[in-house]
Amino acid sequence: MTLADTPISRLESFLTDSSMTRYVDTVVMRTDDGFRAASADGAVDFREAPDGSIEILAESGDHPLRNQALDQGIGTEAEIAVEEASLGELATPLAYESVVQYFDAEHAPDAAVMWSPQQMFHDCVGNHGSLGGIQARAPFIAAGPGIRPRGIVPEHLRTVDVAPTIAALLGIPAGDGVDGRGRARSGVRLEMQDGDEITDLLDPDERPDHVVVFLWDGVNPNALHDAVDRGEAPGIASLIERGTSYRHGCISALPTATLANHTTQCTGVFPGRSGVLHNTWYDRNRGVHVDLLDYHQMIRARDHLAPGVETIHEALKRHEPEAFTATTYEYGDRGADYSTYAQMTTNGPIPTLSDADRRLHRTEDFMGVKEFRNASIYDAHSRNEALHVWRGEFGALPRYSWFTFNLTDACGHAGGPHSEILHAAIRDTDARMRDVLAEIEFAGKLDRTAVIVLADHGMQRFAIAEPFDLAGALRDAGIDAVLNDDQYVYLR
Ligand SMILES: [Zn+2]
């Protein structure tokens, strides 16, 4: 397809020049008649047909979305064999759908840059965010009443399927609603729903009294399964033994990043439609960068939810107004009776953490590493508040509760997905989770509780390279643009 000489085509030519391949793998953009992914080796143009299927309009060379196989990089050895491969060799499954939803966002950029895995960015050894298969793949493990015990299965689901599946597990009835674009959709559990419930996972003859979710942010599923094999994650091992692990993962949507996919998992709506496109975006109308990793904005992430989006908390209460729900350190918290971030927003009370609890389940060897130290404190609080929740100190025992841990993400960024510091993070997080499960057991409810462990995205090791100033390079090339998060280009 020949492109006219426009600002976007000049941007593409610049980013996909062979001199840039060390830094830039692929650039993804919207076009007049659809979408385009281009690298130095080739390009693909595609669009969404009215029935939702993907139509390829044009392909050239070895284009970057040509290999979307689901079984790539399963197991650490296989992952390491492909970790420096270009996107063309291991794009995430469902890459086309992922691009389409992304550009539905009001604040989507003109082009999204997928960094080369040779090029470390944000000074992190481990990273995620692109359409790469390793970056998109998160674990998903479930066990307990209402869950079919199938063991480790070579299957996948998507982050957008999580909320509908939890809603089904909670017994929220299916009815009429809309999809993330506001089009009528029947048989949905949430008022706005893009995802589908995973019926293979659910036992329709049994309903749990309680559903509890543990989100281990950014934990690489191969690293998690390795830890189980080494005997370092007995909590996860026990869930796999009595439940199901989706070994092809929970596939996150573009951008394969935290705020985007937490929100998607908590609502069943894609990042491009939920109102929370990413951790950060440029708001052209206001001329400001929204940054939901900034503490004061982070605790109010819920304020960005698009009209019509419903959280699992809200959907459950629509059906069961008396149900008590709780969540800790989670952005998708609207409607919860207890939420850490809601408490922080209103200066409400948060249980104090004793010195002994602060030190518990903490691998002292890594306390000199800032990322480890900070996230350990967050997770000690998250565990502590989860215990208070399950002691009934904030209300009834929760029908639905969701507890988020951050240490695995912090250590994956700091050391990469197969580092000693990440191994320590998995051991510590497993111990914190087991304490919460022990509290549920002490309350006499564990055998009536369905337990889900998941992450919001994957984590890939990046080769070390010298820093590259993309904003400066764009400026030098005469491309007038606002760059957000070193990856998202908004042409002026
Ligand atoms: Zn994350």
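Across the interface of domain 1 and domain 2, the rule finds six salt bridges, a salt bridge being a side-chain nitrogen of Lys or Arg within 4 Å of a carboxyl oxygen of Asp or Glu. The model is predicted, and local features need pLDDT of at least 70, side-chain atom pairs count only at pLDDT 80 or more, and totals for chains, interfaces and linings use all residues. Residues are numbered from 1 along each chain as its sequence is written, while side-chain values use heavy atoms, with hydrogens and water left out.

**Domains and their interface**

- The domain assignment gives domain 1 (7–134 + 463–491) and domain 2 (136–461), with bounds that come from an automatic or database domain assignment.
- The centres of domain 1 and domain 2, taken over C-alpha atoms, are separated by 27 Å, and 48 residues of domain 1 are in contact with 45 residues of domain 2, where contact means heavy atoms within 4.5 Å.
- About 4,000 Å² of area is buried between domain 1 and domain 2, with carbon and sulfur atoms giving 49% of it; buried area is the accessible area (1.4 Å probe) that two parts lose on being put together, summed over both.
- Glu-97 forms a salt bridge with Arg-158, in which the closest N and O atoms are 2.9 Å apart.
- The rule also finds 37 residue pairs in polar contact across the interface of domain 1 and domain 2, both residues being at pLDDT 80 or more; a polar contact is a pair of N or O atoms within 3.5 Å, where within protein one must be able to donate a hydrogen and the other to accept it, and residues adjacent in sequence count only if both atoms are side-chain atoms.
- On the side of domain 1 that touches domain 2, at least two residues each are supplied by helix 2 (76–82), helix 3, strand 6 (126–127), helix 4 (133–136), strand 23 and strand 24, and helix 3 gives the most, with six residues.
- Helices (H or I, at least four residues) and strands (E, at least two) are DSSP runs numbered from the N terminus.

- An open sheet of seven strands has the order 4-3-2-1-5-24-23 with antiparallel pairing, two strands being paired if DSSP finds at least two bridges between them.
- Strand 4 (54–61) and strand 23 (481–484) stand at the edges with a single partner strand each, so one side of each is left without a neighbour in the sheet.
- From one strand to the next the twist averages 20 degrees, with axes being lines fitted to C-alpha atoms, for helices over the stretch in contact, and angles running from 0 to 180 degrees between N-to-C directions.
- Strand 1 (residues 24–31) and strand 5 (residues 111–115) run antiparallel and are joined by five bridges, with Val-28 standing opposite Ala-112 in strand 5.
- Helix 1 (residues 7–15) lies across strand 1, strand 2 (34–39), strand 5 and strand 24 (488–491), and runs at about 165 degrees to strand 1.
- Helix 3 (residues 95–102) lies across strands that include strand 3 (42–48), to which helix 3 runs at about 65 degrees.

**Further strand pairings**

- Strand 14 (residues 243–246) is joined by three bridges to strand 8 (residues 140–143), the two running antiparallel, and the bridge partner of Ala-143 in strand 14 is Gly-243.
- Strand 9 (residues 151–153) is joined to strand 14 by three bridges in a parallel arrangement, where Ile-152 stands opposite Ser-245.
- An open sheet of three strands has the order 7-15-10 with mixed pairing, and strand 7 (137–138) and strand 10 (156–158) stand at the edges with a single partner strand each, so one side of each is left without a neighbour in the sheet.

**Backbone details in loops**

- The peptide bond from Leu-254 to Pro-255 is cis, with omega near -5 degrees, and Pro-255 is found in the loop between strand 15 and helix 8 (258–267).
- His-361, in the loop between helix 13 (355–359) and helix 14 (370–390), has phi near 55 degrees, a positive value in a residue other than glycine.
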